[in-house]
Amino acid sequence: MKKFRFSLQTVETVRSIRELKGREQFSIAVHAYVTAGEYLQMMKARLAALEDILRSGRAQTFRAGDQASFMEAYKNETTATTKAAADVEKARVAMEAARQAWLGSRRDLRVVESLEQKARTAHRREVEREDQAALDDRTSALAARAATQGI
């Protein structure tokens with residue numbers, strides 16, 4: 001029985017490494033997206049808490065200095081929340097790009113894996129055919145020897 005050799009083994013190895021790197025980049029992008037989303041939720045909660053403070057402060061006596069500092073803080077928190085929302089969108093776009101790159105490399109790897117599977121099947125059929133031919137030859141030789149010996 002001859003040993004199976006796949007001529008595209010190096011291509012498969014390179015594509016497998018590329019697919020692994022693509023998967024790692026995708027997982028990093030997913031983590032960045034989740035982290036950005038969590039940060040955005042935290043910023044929204046801070047903004048809501050500051051809005052509650054501003055609303056409750058209006059029911060009490062008006063202090064111009066406090067109101068000015070609260071409004072400045074509110075403006076800063078609103079800006080930070082808007083920036084966090086933009087960061088989430090950037091992370092989402094980066095995640096989708098990483099997903100597409102990973103899927104492309106996975107598709108390339110599957111092509112080579114499919115070719116290897118077909119080559120293995122053809123090799124197995126060829127080996128089985130050779131084994132059957134050897135058995136047929138042996139049977140024919142035994143029959144011929146039996147016929148010449150008069151058995």
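A word on what you are looking at. This is a predicted model, where local features need a pLDDT of at least 70, side-chain atom pairs count only at pLDDT 80 or more, and totals for chains, interfaces and linings use all residues. Residues are numbered from 1 along each chain as its sequence is written, and side-chain values use heavy atoms, with hydrogens and water left out.

Now the overall picture. The protein chain has 2 helices and 0 strands. Helices (H or I, at least four residues) and strands (E, at least two) are DSSP runs, numbered from the N terminus. How does the radius of gyration of the chain, 35 Å, sit beside that of a compact globule? A compact globule of 151 residues would come out near 15 Å. That radius is taken over C-alpha atoms, and the globule rule is 2.2 Å times the number of residues to the power 0.38. Along the principal axes, the C-alpha atoms fill a box of roughly 125 × 25 × 15 Å. Of the 151 residues, 19% are buried.

Let's turn to contacts, meaning heavy atoms within 4.5 Å. Among contacts in the chain with a separation of 6 or more, 85% are between residues 24 or more positions apart. A119, in helix α2, gives us an example. Setting aside neighbours within four places in sequence, A119 is in contact with F4 and F6. A119 and F6 are 113 residues apart along the chain, and their C-alpha atoms are separated by 7.2 Å. A119 itself is partly exposed, because its relative accessibility is 27%.

S105 also sits in helix α2. Is S105 buried or exposed? S105 is buried, since its relative accessible area is 7%. Not counting residues up to four places away in sequence, S105 touches R18 and E19.

What about aromatic rings? A search of the whole structure finds 1 aromatic pair. The partners are F26 and W102, and the pair is stacked, with 5.4 Å centre to centre and 15° between the planes. F26 is in helix α1 (residues 9-58) and W102 in helix α2 (residues 64-149), so the pair ties together parts 76 residues apart in sequence. For the rule: rings of Phe, Tyr and Trp (its six-membered ring) pair if their centres lie within 6.5 Å; planes under 30 degrees apart are stacked, over 60 edge-to-face, and the rest tilted. F26 counts as buried, because its relative accessibility is 15%.

In soluble globular proteins, nonpolar side chains tend to be buried together. Here, the largest nonpolar core has 6 residues: A36, L40, M43, A84, V88 and A91. Helices α1 and α2 each supply at least two residues of this core. Such a core is a set of buried Ala, Val, Leu, Ile, Met, Phe, Trp, Tyr and Cys residues joined through side-chain atoms within 4.5 Å. A36 is in contact with D87, V88 and A91, leaving aside neighbours within four places in sequence.

Last topic: charges. Side chains of opposite charge can pair when their charged atoms come close. A salt bridge is a side-chain nitrogen of Lys or Arg within 4 Å of a carboxyl oxygen of Asp or Glu, and the count by this rule is 9.

E116 counts as buried, at 11% relative accessibility.

In helix α1, R55 and D52 are 3 residues apart, so they too are separated by about one helical turn. Their side chains form a salt bridge of 3.1 Å, N to O, and D52 is partly exposed at 46%. Which residues are linked in a network of salt bridges? They are E51, D52 and R55.

Finally, E113 pairs with R106 in a salt bridge, with the closest N and O atoms 4.0 Å apart. E113 is partly exposed at 31%, and R106 is partly exposed at 23%.

Conventions
Buried < 20%, exposed > 50% of the residue type's maximum accessible area, 1.4 Å probe, protein only.
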